[in-house]
Amino acid sequence: MVMLFIVYHNAVDEEVVEITKKYAKGYTKFVGVLGEGNKEPQLGTHIWGGLNNCLMVAIEDNKMKDAIASDIASLKVKFKDAGVSIFVMPLKEML
Amino acid sequence: MKITDISVSRPVTVSILYIGIIILSVVSYYFIELDFFPDVEFPIAVVYVEYENVGPKEIENSVTKPLEEAVGSVNNVDYVTSISKEGMSSITIKFQWGTDMVEAVADIRERIDMVRSRLPEGIENPVTVKFDISMLPIMGLAITGERERSYIKKYAEDNIKNLIEQTDGVASAQVVGGEDLEAKVELIKSRMDAYRLSIDQIIQTLALENQNIAGGDIKTAYTKYTFRTEGEFKSLDDMRNIVVAVRNNTPIYLRDIARVSFEPGEVKDIVHINGENGTVMLIQKQSGKNTVLTVRNVYKKLESIKPTLPAGFDIRPIFDQGEMIQFSIQNLLNNLIQGSIISIAVVLLILRNIRASLLVGLSIPISVITSFVLMYLFDLSLNMMSLGGLAIGVGMVIDNAIVVTDNIFRYREKGARLNEASKLGTDEMGGAITASTLTNLVVFVPFMFSAGLAAQLFTDMALTITFSMMSSLFVAITLIPMVIAKFVPTIEHRYTGRSNVLQPLFDKSEKFFIDLENFYGKAINWALDNKKKVISFVGITFLIGLILIPLSGMEFMPERDDSRITIMATLPIGTNLDETTRIMKLIEERTLPIFKEEELKVVMVRAGYGKGTNAAFNDLTDYKARIQIELKMLKYRERSKSEIRDILRKALQGIPGVTYNFTYQSRGSSSIGMGSEGATISIEVYGYDFEQSNQYVQSITNSIKNIPGLKDIDISREEGLPEKVVVVNREKASKMGINAYQVANLIKNNVAGFVASRYRFEGDEYDINVRLREADRQTVEQIKSLEIDTPMGKRIKIGSIIDVIDKTGPTAIDRKNHERVVYINCKAEGRALSTVAADINEALTKIPKPQNFYVSIGGSYEDMQDTFNDLLLVLVLGAILTYVIMAAQFESLIRPFIVMFSVPTCMFGVSLFMFLTGSQFSVATLLGIIMLVGIVVNNAIVLVDYTDILIQRGWGLREALVEAGTKRLRPIMMTTLTTVLSLIPMAFSGGDGSEMSQPIGRAVMGGMSTGFIFTLIFIPVIYMIVETRREKYSAKHKAKF
């Protein structure tokens, strides 16, 4: 079991949620999270105005994880400006 | 939930909301009053008193002076002017703007009551009226017929007046011209003398005999009877048969000593309509009623009146304000529609998406019609100013929608789906478009603190611009994101719409924009390397702009082609009304053939002192006639009002003894005309002595008459009214027990007549006017032979106690602020009012001034100076408020300081545009400049803001300036071009009523054009200088620590 944290530009929110729902039973969304990375900082300020959203998704099957990663990779190709990152970590159990 | 979330997620709600707004707007539009100008409350009150047959000097001393003193102490009085003329004293009190006139008029009445006992006996009650622009007639009807004028007048008053007054919207209809019928008692002097009767006895007897008096009741056992003594004359024979005296037990009847008749009174005025005798009916509307609808109702009523007229009678409109308003409003609506189409075309060219451009364009009609609801709620009328505001704002109301749409498309580029892109794109821009809307509007706030004419005139315009801009802001954050999300599904990248028809144009324009951006990038780099050159260039152009102002000329209000030419024709003083009538016929014969069929509505000539209110507000006399030419609307004719006026000047030359004033203005009322007679100057010469002032005025007139561009010099004081002055020999008179008052009264009653009582006939009341028959009052000798009873019971001829001297005196005495004044009125034509006034001032310094005399310049020149000062204050306050809004927006004091440098850059464009288009600077131009302060900063705000962002993102100063410029060039161009190009129809189309809005359009167009170009280069230079100095200052201070 793994936990995915998908952090992405809020512009592609609908696409990311669609991909996630294709492979996972559910998700938890954090709207308007801030962060800096390889692309433009998303700080919600006048200088760096963009905002990210974050999806927390629990995956039982590793195949599903790969499928999500593959779809997200295609999305990144389509929208080069919209940063999307997936952070994967082990998940002990789900109650 | 944010407002944008609601608008995107709930399209049905938003659609219903806007359908509701549209329905409300349509309803409001039909309820809004239509008028030419806003409802300006002029702070003017007039007091007039009739004192029949008394000369100007006597009126001045006994009536005008006490009244002036009384009203002069009322609160908030600005100045008091008066005119004392034969039989009439008229005092005009000008209050400070913003004075509560209801209270002021009540105060005036109170003060007059306090001095009432000091006024001479025999004067009529002083009448106080507030000047109200809605009092001006909205329509005039000519009533002509093949009958005598008194009959036409009576017919009009009895049969037409009531019907017109019953028409919806009409307050009153006043019949002008024509004599009233009266019962005339013309005494025969020889018989009066033979029976030793005096006129006073006849007057008293008539008054006492003509009475019905109730006598109480008597009661019998069952009945009550009322006693009534019936004495009122039922017929002329009743009057003829009254006994006026008994001599030797023989009754003397009125018929024995007088001719009694029922016929028209003395002719006091003439009215000719296209050369025919007639009367005129002037129609006033009820306050708050729609002028256009009221006029329309009167036209309908006329259709039902016409078939009932007697044979040979005709009734026709000679002028109506409704037509002027309709044409002017239609003209402005056309400007608005054309401006909208141009704006949408500009958006299409840059956005390159037909559907998106049309949807963005939706913000124009919706913002405009939403303004109608607010106009209705704020009780504004649809007039030249309010609609002008909507037409000017048409290019600006689209800007917010453009900015929002552009940002939505930017989110689409990032991959956001339609709804998401609409929400995010709109949210992000909400703050920016609110701030830019506020800077546009904040310049109008100072109008709230100004009460002058400019504020009264332009507040409507400021309010409608505010309404439409606020509506556009609301549309941009509610409707635009919803419709873009619903109806523009295909757009994924900005500036890449597809259209088979327009694709070649789109491709070319894209290449053009890319080249332009590259060129602009290089231009910024060059400017940053040549800062001194750029600053010098902008400084020089600013100075050129200032120099061009006097070269273009200045005027108070642009002259309006109101389709009316008023000419005052003056004959030699003392000319009687019959001779004036003859000359007027000559003038009519020369005037009528000048006009082409499609040009003329009517030529109306009026002359004569008139009676009552008409006399108080008229400057007409028996020798002074007004020729009023009503033209068809400008749309129907090729020649303008001023062209026709010039032709008339030539045509009317050569009639002996007649002088003309082609731009007549009544005394001290220049601003009331609001531009209808163009640029007027009034030189006010103050001084007491008549002879000295006449000489001084003559020398001023001689020295200014050759000033180029000065026309129609008219001196208010006219000397030479022939008078027969009766001087009572007091010594002789007192020996006889007679005083001057008795002598004066005797002459007045015999010559001028006295209304002894009222004669009731067929339901109407008429004056019973008693005086000597005309044959007995024609010479001085006849007057001297009038007999008067002494207290000793003797009867003497007044010739033994009076001398009659021939004199000439002023026809009228003008006063201002309790001093005698002579107005030299003139007009500036073909040259600027300001330069002509400067020449006059120079000429005045060279003329030796008599002791205790002084001169000042008034007229529209004075109004212009006052109003310009008011507007300059508004301009400065507007600029400060703009700075304050920007300081809050930037959270900085330095950034708005940089942005404010964009303001002077528009001055060059305004002046150049006005100069090249041959327009003069006026109050309207200054309003355009005030608006520009709020608009022109927007481009600089975008540049400075984005440069700041880039610097804080780590860009170098120069790179940030170049990048900000090139990246923001398109949005800046789009918003500027929509504003500038949408004003083309207003600035150049002309047409009825365009004179006020045209200069505003031209000023904004010119100022925005240079402001846009100069800002793009100048602001980066100023930014660099300020930022470099700030860095140096910071480094220096850091080093110290």
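Which residues does B:Met281 touch, not counting residues up to four places away in sequence? The legends below begin with that residue; the model shown is predicted.

Figure 1. Leaving aside residues up to four places away in sequence, B:Met281 touches B:Leu141, B:Ile143, B:Ala156, B:Ile160, B:Ile164, B:Ala173, B:Gln174 and B:Val175. The residue counts as buried because 25 C-beta neighbours are found inside 10 Å of B:Met281, where 20 or more are required. B:Met281 and B:Gly177 are 104 residues apart in sequence, yet their C-alpha atoms are 8.8 Å apart in space.

**Figure 2. The nonpolar cores of the model.** The largest nonpolar core holds 233 residues. Within this core, the residues that touch the most other members are B:Met281, B:Val347, B:Leu833, B:Ile930 and B:Leu932. Helix α17 (residues 453–487) of chain B gives the most to the core, with 21 residues. A second, separate core has 23 residues, including B:Val46, B:Val63, B:Leu67 and B:Ile93. In soluble globular proteins, nonpolar side chains tend to be buried together.

**Figure 3. Overall setting of chain B.** Chain B has 34 helices and 30 strands. Along the principal axes, the C-alpha atoms of chain B fill a box of roughly 125 × 80 × 60 Å. Of the 1041 residues in chain B, 47% are buried. Among contacts in chain B with a separation of 6 or more, 81% join residues 24 or more positions apart.

**Figure 4. Helix α25 of chain B and its buried face.** Helix α25 (residues 740–752) of chain B has 13 residues, which at 1.5 Å a residue should span 18 Å; the end C-alpha atoms are 17 Å apart, in agreement with that expectation. The buried residues of α25(B) are B:Val743, B:Leu746, B:Ile747, B:Asn749 and B:Asn750. Viewed down the axis of α25(B), these buried residues fall within an arc of 165 degrees, so they line one face of the helix. The helix is followed by B:Gly753, which has a positive phi, near 100 degrees.

**Figure 5. The hairpin of strands β10 and β11 of chain B.** Strand β10 (residues 243–247) and strand β11 (residues 250–253) of chain B pair in the antiparallel sense over four bridges. The bridge partner of B:Arg247 is B:Thr250 in β11(B). Two residues lie between the strands of this hairpin, and B:Asn248 in the turn has a positive phi of about 50 degrees.

Figure 6. B:Asn817 is partly exposed, with 15 other C-beta atoms within 10 Å. B:Asn852 occupies the loop between α27 (833–846) and β30 (854–859) of chain B. B:Asn852 counts as exposed because it has 11 C-beta neighbours inside 10 Å, and the limit for an exposed residue is 12 or fewer.

**Figure 7. A:Gly83 in a loop of chain A.** A:Gly83 sits in the loop between α2 (62–78) and β4 (84–90) of chain A. With 21 C-beta neighbours inside 10 Å, A:Gly83 counts as buried. Not counting residues up to four places away in sequence, A:Gly83 touches A:Tyr8, A:His9, A:Gly37, A:Asn38 and A:Lys39. The C-alpha atoms of A:Gly83 and A:Pro41 are separated by 9.8 Å, and the two residues are 42 residues apart along the chain.

**Figure 8. Strand β2 of chain A and its pairing with β3.** Strand β2 (residues 28–33) of chain A is hardly covered, the count of buried residues among its six residues being zero. β2(A) and strand β3 (residues 52–59) of chain A pair in the antiparallel sense over four bridges. In this pairing, A:Thr28 stands opposite A:Met56 in β3(A).

**Figure 9. The contact between chain A and chain B.** Chain A brings 14 residues to the contact, and chain B brings twelve residues. Helix α1 (residues 13–23) of chain A supplies the largest share of the side of chain A that touches chain B, three residues. By class, that side of chain A has five nonpolar, four polar and five charged residues.

Notes:
Residues numbered from 1 in each chain as written. Chains lettered and ligands numbered in written order. Predicted model: local features only at pLDDT ≥ 70, side-chain atom pairs only at ≥ 80, totals over all residues. Contact = placed C-beta atoms within 7 Å. Nonpolar A, V, L, I, M, F, W, Y, C, P; charged D, E, K, R; others polar. Expected span 1.5 Å × (residues − 1). Arc of directions from axis to C-beta. Pairing = 2+ DSSP bridges. Core = buried A, V, L, I, M, F, W, Y, C linked by C-beta atoms within 7 Å.
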